Amino acid sequence: MKLRKNIATSETGFIFNPATGDSFAANGLATEILQLLKQDRSPADIKTHLLNRYDVEPRQLEKDWDDLVAQLRDFQLLD
Amino acid sequence: MKQRYERPLIRKLNAGPLNKFGSRSEAQAVTHVDGAAVEDLLAEFGSPLFVLSEKQLRRNYQQAVRAFRTRYPRVQFAWSYKTNYLNAVCRVFHQEGAWAEVVSGFEYQKALLNGVPGPQILFNGPGKSRAELQLAAENDSVIHLDHFDELYELLGLAEGLARRPRVAVRVNLDAGVYPQWDRFGFNLENGQAWNAISRIVASGRLELVGLHCHIGTFMLSTKPYGVAAQKLADLAWSCLTQLNTPIQYLDLGGGFPSTNTLKGAYLPGTDTAPSLDEFAEVIADTLHRAGFRPEELPLLILEAGRVLVDDAGYLLGTVLATKRLADGRRATILDFGVNLLFTSFWYDHRISPAGEFSHHTEDTVLFGPMCMNIDQLRESVNLPLLNRGDQVVVHKVGAYNMTQWMQFISLRPAIVLLDAQGRPHRIRQAETVEYLQQLEEVPGHLLPAAVAPTRPATAE
Ligand SMILES: Cc1ncc(COP(=O)(O)O)c(C=O)c1O
């Protein structure tokens with residue numbers, strides 16, 4: 001899974017897709033995930049990292065991950 | 001220690017016109033009601049849970065009385081039972097001095113059981129049976145006549161009674177409210193009301209004590225009350241001058257709005273609803289100018305319902321699930337639906353998370369747990385990122401929900417009253433399967449057979 005090359009992400013959670021002209025706002029965790037995806041970390045790797053860092057059940061993270069990915073796809077932010 | 005988790009959220013920023021729904025977040029945590037923790041209440045009494053604030057009930061009542069008594073010398077409130085007839089709620093208002101306004105035999109019985117003296121019960125409604133009329137007459141309650149059939153029934157009944165039944169005439173009139181509520185009572189403009197009054201007086205068998213109207217509900221303008229008060233006062237004058245019958249009271253009904261936000265309204269109800277002071281001003285001013293001598297001023301009766309109880313009621317509940325709909329919208333499923341929150345058909349109820357959240361919010365549809373398409377509480381509301389198990393508080397649900405709720409698909413929950421110290425008292429138990437089964441009867445031929453039915457033969 002890869003974020004589109006030219007997508008701009010800021011640390012404050014502002015995202016811009018120059019291809020479509022759409023902009024987005026992300027909260028802290030979504031911003032963090034996008035940064036990690038940009039670094040080409042694998043989903044499994046990112047999830048392990050998050051489980052270590054945040055107080056969350058794997059089940060909940062799995063559900064929220066799937067939802068985020070579906071959204072990214074919907075917003076045409078994935079390759 | 002691990003960091004607090006908030007699920008990832010990404011939201012498209014719209015450059016288009018302002019989104020009417022998403023523009024204002026209702027996301028403010030409400031962790032306590034009258035000092036009682038939401039979490040504790042749900043742990044003790046189960047989720048969902050209706051909660052009523054006794055402090056707010058009393059405050060509302062006292063403010064309403066003050067609004068009218070400071071402007072008019074003779075005022076009496078009659079609690080509109082249908083708005084919320086939980087005994088505890090009725091008794092709070094009766095303790096504060098309210099009479100009872102009932103619209104059925106069932107409500108009439110409740111008022112008696114709550115210790116309301118017969119003469120302080122006003123019996124409205126189009127569907128009183130002969131037996132109910134008789135009971136009300138024997139208790140010296142005031143029967144608010146709704147139609148000629150009822151009038152003739154009562155005239156017949158009165159022949160056999162020791163005392164003349166006391167009656168009021170419910171009048172419907174054009175107060176500039178459309179569509180006009182003309183299905184209750186006798187119409188003023190076409191002469192029906194005068195006809196009824198004349199027959200009552202001519203019969204000599206009934207004592208005409210009052211004139212009543214209830215022009216609508218959730219009225220957002222004070223003007224119609226001025227019109228209605230003027231028309232009732234004129235009618236009372238005619239009774240006095242043409243029939244030599246002084247009218248003891250004018251009952252202007254209820255209809256004063258709470259501060260809820262009507263569905264589809266652009267501005268919140270807190271910004272649009274006139275206050276009780278403004279309504280009182282118009283009504284009192286009209287009656288003072290109507291020409292009564294000070295010692296002849298009729299008693300002013302008010303049957304305010306929702307404005308006295310709506311903001312004293314809360315519905316606490318729990319998130320069952322969140323999901324995403326086909327079009328990408330977020331949906332949140334709660335453990336209460338339109339079965340308990342009947343007024344979500346009228347209002348965009350304010351709903352708050354009961355826990356602390358970050359400033360990130362999202363638009364979500366709110367669904368109840370019914371397996372029915374109609375079970376939608378809010379079409380779109382901006383809330384923090386809720387998860388299964390999170391608790392929420394719905395505001396201003398005191399009017400009509402605890403009477404119009406449906407026992408449909410699931411059981412109805414407990415109701416708690418928080419006293420002046422914020423201590424919870426259960427005032428209605430949660431329903432149980434046994435409670436509902438009690439009323440059902442199964443015909444003998446559907447009970448288990450003594451001999452097990454033979455198995456149908458199957459083809460070899
Ligand atoms: C006769 C009568 N009085 C009073 C009320 C209370 O109305 P509200 O809750 O709008 O004040 C009603 C409600 O429909 C009513 O029918």
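Author: Before we start, helices (H or I, at least four residues) and strands (E, at least two) are DSSP runs, numbered from the N terminus.

Reader: OK, how many helices and strands does chain B have?

Author: Chain B has 13 helices and 21 strands. This is a predicted model, where local features need pLDDT of at least 70, side-chain atom pairs count only at pLDDT 80 or more, and totals for chains, interfaces and linings use all residues. Residues are numbered from 1 along each chain as its sequence is written, chains are lettered from A and ligands numbered from 1 in the order in which they are written, and side-chain values use heavy atoms, leaving out hydrogens and water.

Reader: What domains does chain B have?

Author: The assignment gives domain 1 (54-310) and domain 2 (311-432); such bounds come from an automatic or database domain assignment. The C-alpha centres of domain 1 and domain 2 of chain B lie 33 Å apart.

Reader: And how many residues of each are in contact?

Author: In chain B, 24 residues of domain 1 are in contact with 25 residues of domain 2, contact meaning heavy atoms within 4.5 Å.

Reader: How much area do the two domains of chain B bury between them?

Author: About 2,100 Å², with 51% of it on carbon and sulfur atoms. Buried area is the accessible area (1.4 Å probe) that two parts lose on being put together, summed over both. On the domain 1 side, B:Leu86, B:Lys263 and B:Asp310 supply 29% of the area buried against domain 2, more than any other three residues.

Reader: Which residue does B:Lys263 form a salt bridge with?

Author: B:Asp348, with the closest N and O atoms 4.0 Å apart. A salt bridge is a side-chain nitrogen of Lys or Arg within 4 Å of a carboxyl oxygen of Asp or Glu, and the rule finds one across the interface of domain 1 and domain 2 of chain B.

Reader: Switching topic: which residues of helix H3 of chain B are buried?

Author: In H3 (residues 87-96), they are B:Val89, B:Cys90, B:Val92, B:Phe93 and B:His94. Buried means under 20% relative accessible area, exposed over 50%, and partly exposed in between (1.4 Å probe, protein chains only).

Reader: What do those buried residues of H3(B) pack against?

Author: Strands E4 (49-53), E5 (75-80) and E6 (99-102) of chain B, plus helices H2 and H11. Just after H3(B), B:Gly97 takes a positive phi of about 115°.

Reader: What share of chain B is buried?

Author: Buried residues make up 52% of the 460 residues in chain B.
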